[in-house]
Amino acid sequence: MNWIAAHADWFYLIGAVLFILTLRGLSSPKTAIRGNRFGMAAMAIAVITTFFLAEGPVLWLIIGAMILGALVGMWKAKTVAMTEMPETVALMHSFVGLAAVAIALATVLNSTHEHSTIARVELFIGCFIGAITFSASVFAFGKLGAKKWAKTVNGGWVKPLQLILFVAMVACGGWYFVTESMPAFYAMTVFAVLFGWMWIAPIGGGDMPVVVSLLNSFSGWAAAGIGFTLGNSMLIIAGSLVGSSGAILSYIMCKAMNRSLLNVLFGGMGSTAAVAGSDDGAPKTYKSGSAEDAGFLMSNASDVIIVPGYGMAQGRAQNAVKELYELLKEQGVNVRFAIHPVAGRMPGHMNVLLAEADVPYDDILEMDEINSDFPSTDVVLIIGANDVVNPSAKDDPGSPIFGMPILEASKAQTVMVIKRSMSTGYAGLDNPLFYLDKTMMICGDAKKMVEEMVRTINGGGH
């Protein structure tokens, strides 16, 4: 035991290296499992080492809490549906923020002496980042889960209220810094929680993937703040890695949407998208077709590109899509998947679904890799995607998504879209692609429609 405590820095260094290898592994589906194993090993080293460094830990309370948390986590991991994964990730972020707040409050309450200047800054920053992460993540959880209490708010009063809450939070934090007043610390925490809620509440559904990514970053910085408060170098390193990687991912996703991060967080697609997506009264006609028609067209094509969207997750159709992919491959059709960086409702949502169905990684291509292939493609099958294939992003300067890079599915010879109904997408925008002469709309549940396509191809052949 004494030997482990004496060499704790070395164990923490090993854990830090393993965490870095974790992030490297998670950068590709091919190495994701190995990356997860590195992360598990790093966390085990960190926890065991910290036990030997702690002064008089209440073991039964700590171990009991760990066992309870592990049981809840394993149960949730086994029972959560893929359609609920985005809100589950957001909820996990909220727990990290809540932990940061709890530790900051415990440190302030249990201190018998004045804190140093640096310690007060750490407590202030760690607590307000944790509080914002907590409430913002809870709202994101509700928004992604379509909860009634998590409705998007709009109006001229929103931004002034955000500013008032932010200024009040900083002012109370400054008051605590100067006087170490507990009421000031409590008030700062309350204002931070309210600010986190009101900060996310005006953001529309189309921007939620970026929000989830940013909250992931915030949860990392909150963990780093806990590390400074507890004097634990491992938490500082791990939190900084998560925080910086989440920030980089947020930047990449904003770039993929041709939006600035400030525009997403304080502009958003909330009310503007709803207005732009409303019906202008002009009649709109579209060509409808059946799953049998789609199966016939794909079985007689040379090249097919499948564009998955949230509709695939909602219909739990990934395994049926894998079967369709394999069947077309057997018949000599060149089939690939086109993935937009913000498809679905969390970063990498479509990649996770396709990986779960064991679709070969080599046939899953990012937007920049496959966009130039659409003009030479016979058939594009879009499964529940809307905004990421919306030509308005290129053709309509008045659209809220104008300038956003999209998958250029409209350039293919034939476009087929599986959609539950002709209602607007998650961001509230209609899609001109649906009304083109080359487009065939197939209304229905994604899984059922794809299964019917498979049956058609099996029965008809080339």
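Predicted model: local features only at pLDDT ≥ 70, side-chain atom pairs only at ≥ 80, totals over all residues.
E326 is partly exposed, with a relative accessible area of 36%.

**Salt bridges**

- Side chains of opposite charge can pair when their charged atoms come close.
- Helix α15, which covers residues 318-330, holds both K322 and E326. They sit four residues apart, about one turn of the helix.
- K322 has a relative accessibility of 14%, so it counts as buried, being under 20%.
- A second salt bridge joins D373 and R336, with 2.8 Å between the closest N and O atoms. This pair links distant parts of the chain, 37 residues apart: D373 is in the loop between α17 (367-370) and β4 (379-383), while R336 is in strand β2 (residues 334-339).
- D373 is partly exposed at 21% relative accessible area, whereas R336 counts as buried at 15%.
- Another salt bridge is formed by D445 and R420, whose closest N and O atoms are 3.1 Å apart. D445 lies in the loop between β6 and α19 (446-460) and R420 in the loop between β5 and β6, so the pair ties together parts that are 25 residues apart in sequence.
- D445 is partly exposed, with a relative accessible area of 24%.
- K394, E408 and K411 belong to one network, joined by salt bridges that share partners.

**A buried glutamate without a salt bridge**

- E180 is found in the loop between α7 (158-179) and α8 (182-200).
- Although E180 is buried, it has no salt bridge. The nearest side chain of opposite charge belongs to R120, 4.3 Å away.
- Setting aside neighbours within four places in sequence, E180 is in contact with E114, H115, R120 and W175.

**Strands β5 and β6**

- Strand β5 (residues 414-419) pairs with β6 in the parallel sense, over five bridges.
- Within this pairing, V417 stands opposite M441 in β6.
- Strand β6 spans residues 439-443 and is mostly covered, with four of its five residues buried.

- Not counting residues up to four places away in sequence, M169 touches F124, F128, I132, M188, F191 and A192.
- M169 and L194 are 25 residues apart in sequence, and their C-alpha atoms are 9.4 Å apart in space.
- L109 is found in helix α5, which runs over residues 85-109.
- The C-alpha atoms of L109 and M182 are separated by 8.1 Å, although the two residues are 73 apart along the chain.
- With neighbours within four places in sequence left aside, L109 is in contact with M182 and Y186.

**A nonpolar patch on the surface**

- L59, I62, I63, M66, I67, L71 and M74 form a nonpolar patch on the surface. Together they have about 630 Å² of accessible area.
- M74, one of the patch residues, lies in helix α4, which covers residues 59-79.
- The relative accessible area of M74 is 49%, so this residue is partly exposed.

- R316 has a phi near 50 degrees, a positive value in a residue other than glycine. Its place is in the loop between α14 (310-314) and α15.
- D358 is not a glycine either, yet it has a positive phi of about 60 degrees.
- D358 sits in the loop between α16 (349-356) and β3 (364-366). With a relative accessible area of 57%, D358 is exposed.

Methods:
Residues numbered from 1 in each chain as written. Heavy atoms only, no water. Patch = residues over 30% accessible without salt bridge, like charges linked within 9 Å, V, L, I, M, F, W, Y side chains within 5 Å. Areas by Shrake-Rupley, 256 points an atom, 1.4 Å probe, with all protein chains shown as cover. Salt bridge = Lys/Arg side-chain N within 4 Å of Asp/Glu carboxyl O. Helix = DSSP H or I, 4+ residues; strand = E, 2+ residues; numbered from the N terminus. Buried < 20%, exposed > 50% of the residue type's maximum accessible area, 1.4 Å probe, protein only. Pairing = 2+ DSSP bridges. Lys, Arg positive; Asp, Glu negative; His and termini not counted. Contact = heavy atoms within 4.5 Å.
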